[in-house]
Amino acid sequence: MTTAQRTPRFVSAGEALTDFIREEGKIWAARAGGAPWNVARVMARLGIASAFAGSVSRDGFGDELASLSREAGLDMRFLQQHDKPPLLAIVHELSPPKYFFIGFDSADLAFNPALLPQDWLPVEWVHCGGISLVREPLSSRLIDVLHAAKAAGTRISYDPNFRNLMTARYDATLARVAGLADVIKVSDEDLRGLFRTDDRDQALSKLQLLSPGAAILVTLGAQGAELHAQGQIWRQASAHVKIADTVGAGDASIGGFLFSLMSHPTSDWRTHLRWAVAAGSAACLQSGAAPPTLPAIQSVLAGMQ
């Protein structure tokens, strides 16, 4: 096994979970998910040697997440399994979304950074976010990982991915992690939820104050996305695609953005933004959170204005 195979270039840390979604009345569907886990699979699908650093249960739910991780080509040394209950997200209404989480003393909280491969740092990028940064003791452990990665010269990507667990008590964590980040991805809904205001510009200004040097990718759904970096703003309209659904589009967007940064480091910010929008649009071509392929993204890019 070569050094390149032993060491991933990209690590996404946080939660992997199972969504239980009520689709039609009393019909429930179980789907593997979790934003940080989705981003790891996106990067692997695009050919970046990647890993998901997190913990899942040792049962049917956790085994499915582990199996899908293996199928995605993720470095399995970073995934832990523990004899703990699974983390579940119960989505009991879809429009507007209404949900809650079941995860008391669950496997995700048992994640132990000491069990990561020795000398895994530095890698090029570590990504983090989601509800893992709300849940102790996992949150503190992940923040320690981010500090260690930053000290080793690794760049940090952060997607808060707002959920209703992120009350005012999350503000200190938001500030701390944003201060470490080189890239922050937020949606317009994230900005409203995180800063508890309908004034998107005001919320964005507050986020910029927390991380003055970060490039901030703001996804705007059907309106495309904006990129705020180095005192400038770039805008990119959405691609015209036939949408199957929008599940996983945000995770694909940050994946496309980071892939562009890693694969085309001399490209300008507008190019990286176009990759983010194209990847998010390509994810909408298929149902569920299946990561888009590189040819699918390139096809969308070719047709973008």
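In what order do the nine strands of the open sheet run? The order is β5-β4-β1-β8-β9-β10-β11-β12-β13, and the pairing is mixed. The model is a predicted one, in which local features need pLDDT of at least 70 and side-chain atom pairs count only at pLDDT 80 or more, while totals for chains, interfaces and linings use all residues. Residues are numbered from 1 along each chain as its sequence is written, and side-chain values use heavy atoms, with hydrogens and water left out.

A word on terms: helices (H or I, at least four residues) and strands (E, at least two) are DSSP runs, numbered from the N terminus, and two strands pair if DSSP finds at least two bridges between them. At the edges of the sheet sit β5 (79–82) and β13 (232–236), each pairing on one side only. On average, neighbouring strands are turned by 15 degrees against each other, direction ignored; axes here are lines fitted to C-alpha atoms, for helices over the stretch in contact, and angles run from 0 to 180 degrees between N-to-C directions.

Further in, β8 (residues 125–129) pairs with β9 (residues 155–159) in the parallel sense, over five bridges, and C128 has Y158 of β9 as its bridge partner. β12 and β13 also pair over five bridges, but in the antiparallel sense. A229 is bridged to Q232 in β13, and the hairpin has two residues between its strands, with Q230 taking a positive phi near 50 degrees.

Helix α6 (residues 188–195) lies across β9, β10 (183–187) and β11 (215–219), at about 95 degrees to β10. Helix α9 (residues 269–283) packs on the sheet too, touching β11, β12 (225–229) and β13, and makes about 35 degrees with the direction of β13.

The largest has 40 residues, and Y158 and I184 have the most contacts inside it. Helix α4 (residues 138–151) gives the largest share, six residues. Apart from this core lies another, of 33 residues, including I254 and F259.

How values were computed
Contact means heavy atoms within 4.5 Å. A nonpolar core is a set of buried Ala, Val, Leu, Ile, Met, Phe, Trp, Tyr and Cys residues joined through side-chain atoms within 4.5 Å. Buried means under 20% relative accessible area, exposed over 50%, partly exposed in between (1.4 Å probe, protein chains only).
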